[in-house]
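Hi,

Here is the structure I said I'd pass along. Have a look first, and my notes follow below.

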Amino acid sequence: MDTHTTDEAAVSSSPPVAEEETPWLTAKEQQFWRAHLEVSKLLDYQLGRELQPHCLASNDYEILVVLSEAPDRRMRMTDLATATLQSKSRLSHQITRMETAGLVLRQECPGDRRGLFAHLTEHGWQTMQKVAPDHVRSVREHFVDRLTPAQIDAMYAALAPIAEHLRTLRGRA
């Protein structure tokens, strides 16, 4: 079913679903939603392309950032999966690839035979320090510097409550 409408009148004449009327997006809301999706995908794609010369994927870089900011540059695997919005299985495969590259290593959790830490290695830390300036330049060039300070404030004010709502749904408020 097409959820896109081109005029306001079409919104009210959309078919009901489950005996309730679906609050179809207006043309302006649909335009806004699609622009958001496009910017998110294009920005992620571009930033990922710019990490490739460093032999990193976006997920690798995100894990390096999270671990670099964690106490002792390590984090329980379950907490890292939550922080990076990955399943435990997907994160385990990702960490295996990053271990092979010498960026991280797994360590047992004292007092918890089943728990594991992901620990940023010295090579991982050096990689992070080398890549971070380029990544920040990319974020500036493709996102931050495209907005005025007032637009940044407005976007933050608009996005922060949505992020809070979604974190609450995940149980991470």
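Arg167 makes a salt bridge with Glu164, and their closest N and O atoms are 2.9 Å apart. Both residues sit in α7, which covers residues 149-170, and they are three residues apart, or about one turn of the helix. Arg167 has a relative accessible area of 32%, so it counts as partly exposed. Glu164 is also partly exposed, because its relative accessibility is 34%. Keep in mind throughout that this is a predicted model.

How many salt bridges does a search of the whole structure find? The total is four. Another bridge joins Arg106 to Glu99, at 3.0 Å between the closest N and O atoms. With 23% relative accessibility, Arg106 counts as partly exposed, and so does Glu99 at 30%.

Arg73 lies over the face of Trp125, 3.7 Å from the ring centre, while Arg74 lies over the face of Phe117, 3.9 Å from the ring centre. As for aromatic pairs, the structure holds zero.

Now the overall layout. The protein has seven helices and three strands, and along the sequence they run α-α-α-β-α-α-β-β-α-α. Of its 173 residues, 26% are buried. The protein exposes about 12,100 Å², with carbon and sulfur atoms supplying 56% of that. If you take contacts between residues at least 6 apart in sequence, 44% of them join residues at least 24 apart.

Does α2 have the length you'd expect, or how far apart are its ends? At 1.5 Å a residue, its 25 residues (27-51) should span 36 Å, and the end C-alpha atoms are 36 Å apart, so the two agree. Buried in α2 are Gln30, Leu47, Gly48 and Leu51, and the buried residues of this helix pack against α3 (58-69) and α6 (122-142).

For α3, 12 residues should span 16 Å; the end C-alpha atoms are 17 Å apart, which agrees. Its buried residues include Asp60, Tyr61, Ile63 and Leu64, and also Val65, Val66, Leu67 and Ser68.

Cheers

How values were computed: Residues are numbered from 1 along each chain as its sequence is written. This is a predicted model: local features need pLDDT of at least 70, side-chain atom pairs count only at pLDDT 80 or more; totals for chains, interfaces and linings use all residues. Side-chain values use heavy atoms; hydrogens and water are left out. Helices (H or I, at least four residues) and strands (E, at least two) are DSSP runs, numbered from the N terminus. Buried means under 20% relative accessible area, exposed over 50%, partly exposed in between (1.4 Å probe, protein chains only). Contact means heavy atoms within 4.5 Å. Accessible areas come from the Shrake-Rupley method with a 1.4 Å probe; for residues, only the protein chains shown count as cover. The expected span of a helix is 1.5 Å times one less than its number of residues. Rings of Phe, Tyr and Trp (its six-membered ring) pair if their centres lie within 6.5 Å; planes under 30 degrees apart count as stacked, over 60 as edge-to-face and the rest as tilted. A charge sits over a ring if NZ of Lys or CZ of Arg is within 6 Å of the ring centre and within 35 degrees of the ring normal. A salt bridge is a side-chain nitrogen of Lys or Arg within 4 Å of a carboxyl oxygen of Asp or Glu.
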